[in-house]
Amino acid sequence: DNNLDAALANTLKSRITINTGEFSGLSILVEGDNVLHVTEDFNSTENGETQYNKVVDPETTQLNQAYLQYKGFDSIVKVGNQRVNLDNQRHVGGVAFRQDEATFDAISVQNQSIDNTTVVLAIANNRNKIDNTNTEEDIVIANVKYQVNPELATTGFFYQLDDGTATGQTLGVRAVGKAAGIGYEAELARQTNDITDHAPLYLHLSASKKLGGLNAKLGFESLGSDDDAGANAAFAVPLGTNHKFLGWSDVYLTGAGGNGIQDLYVSATAKVEGIKLVGQFHKFDAAQGSADLGTEVGFLAAKKIKNYGISFKLAHFMSTDDSKGLNKNDTTKVWLTGSAKF
């Protein structure tokens, strides 16, 4: 609901992946992507159709991944352009939903020398973003996961990003488990940088329960705000798969400004005749202050038959006066996706 025309994006993504066999633990993976526009009735951010709303799937032909890999000594080492997906991808992920996936030019090591422990370390100097652009950044990734028992896994993580202007650090802990038939997730993180005294917090809590063929989930996520020094700064997740969170409409893809945002959500997942069904509801509010930032409903139906798949996805965001003050208006998005693997 704005002064732009409704967008209709018909795109085709083709991917070819070549993964060589191993020789003395060494192998090479090369993955090429091509994205074509079947229609141009949308603003891809590169096609100049600025009278339309944005669908950030620009045309491109590129190497999505190209790296040398070594396996040995309980480790996997990768050197080159690669995707990095960690935990639930809230802080580090490839945004595979978009046609142009996010990857890193990096050196990464995954080690499992210690029992029940997985250590991931990576350094990167370039991020290949979903809008077909590159950002030269110095990135440090450290993630240590310990499987306490079959029903509890704990993770500690540290992520650092230097964009040439400021160096920011995210330090956090995470636990995922199951107790008395209830699945749970708990995560707490703190974010700082070398320019200001801000230290906003991130909190995510959820509980899930299987009820017959239905899996119900209740959760709360907060990207907090810190008004130290008289100016608000909110927790940010620039390296994450953000489409998975805060509703599929992506209205709050990059947050909600300096006051932060919190999301009270419920979801239900079921499988009927081989069709995956998902419904979700989100209630958004400012993390600091009392601003009502709107609500959103989402629905997904997906079916896979061998190497083929089809899905229908809907997200509808309902704005409020407070959200309109942030230029977040009523938004409806619909996706129809078909896929084939050969």
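Q: Why is Glu137 called buried?
A: Buried means under 20% relative accessible area, exposed means over 50%, and partly exposed is in between (1.4 Å probe, protein chains only). Glu137 has 5% relative accessibility, so it counts as buried. This is a predicted model, in which local features need pLDDT of at least 70, side-chain atom pairs count only at pLDDT 80 or more, and totals for chains, interfaces and linings use all residues. Residues are numbered from 1 along each chain as its sequence is written, and side-chain values use heavy atoms, with hydrogens and water left out.

Q: Where does Glu137 lie, and what is it in contact with?
A: Glu137 sits in the loop between strand 7 (134–135) and strand 8 (138–149); strands (E, at least two residues) are DSSP runs, numbered from the N terminus. Contact means heavy atoms within 4.5 Å. Neighbours within four places in sequence aside, Glu137 touches Ala124, Asn125, Asn126, Arg127, Leu161, Asp162 and Asp163 in this sense.

Q: What makes Asp74 exposed?
A: Its relative accessible area is 54%, and the cut-off for exposed is over 50%. Asp74 therefore counts as exposed. You can find Asp74 in the loop between strand 3 and strand 4 (75–82). Its phi is near 60°, a positive value in a residue other than glycine.

Q: Why is Asp87 called partly exposed?
A: The value for Asp87 is 35% relative accessible area, so it is partly exposed. Asp87 also has a positive phi, about 55°, although it is not a glycine. Its place is the loop between strand 4 and strand 5 (103–111).

Q: How do you know that Glu101 and Arg83 form a salt bridge?
A: A salt bridge is a side-chain nitrogen of Lys or Arg within 4 Å of a carboxyl oxygen of Asp or Glu. Here the N to O distance is 2.8 Å, and the side chains of Glu101 and Arg83 meet in a salt bridge. Both residues lie in the loop between strand 4 and strand 5, so the pair ties together parts that are 18 residues apart in sequence. Glu101 is buried at 4% relative accessible area, whereas Arg83 is partly exposed at 26%.

Q: What makes Arg174 and Glu185 a salt bridge?
A: Their N to O distance is 2.6 Å, and the definition asks for within 4 Å. The pair links distant parts of the chain, with Arg174 in strand 10 (residues 167–179) and Glu185 in strand 11 (residues 182–193), 11 residues apart. Arg174 is buried, with a relative accessible area of 10%, and Glu185 is buried, with a relative accessible area of 10%. Salt bridges that share partners join Lys13, Arg15, Glu31, Asp33, Arg83 and Glu101 into one network.

Q: How many salt bridges does a search of the whole structure find?
A: The search finds 16 salt bridges. One of them joins Lys283 and Asp285, with the closest N and O atoms 2.8 Å apart.

Q: Why is Ile28 called partly exposed?
A: Ile28 has 42% relative accessibility, so it counts as partly exposed. Ile28 is placed in strand 2, and strand 2 (26–37) supplies at least two residues of the nonpolar patch.

Note on methods: Helices (H or I, at least four residues) and strands (E, at least two) are DSSP runs, numbered from the N terminus.
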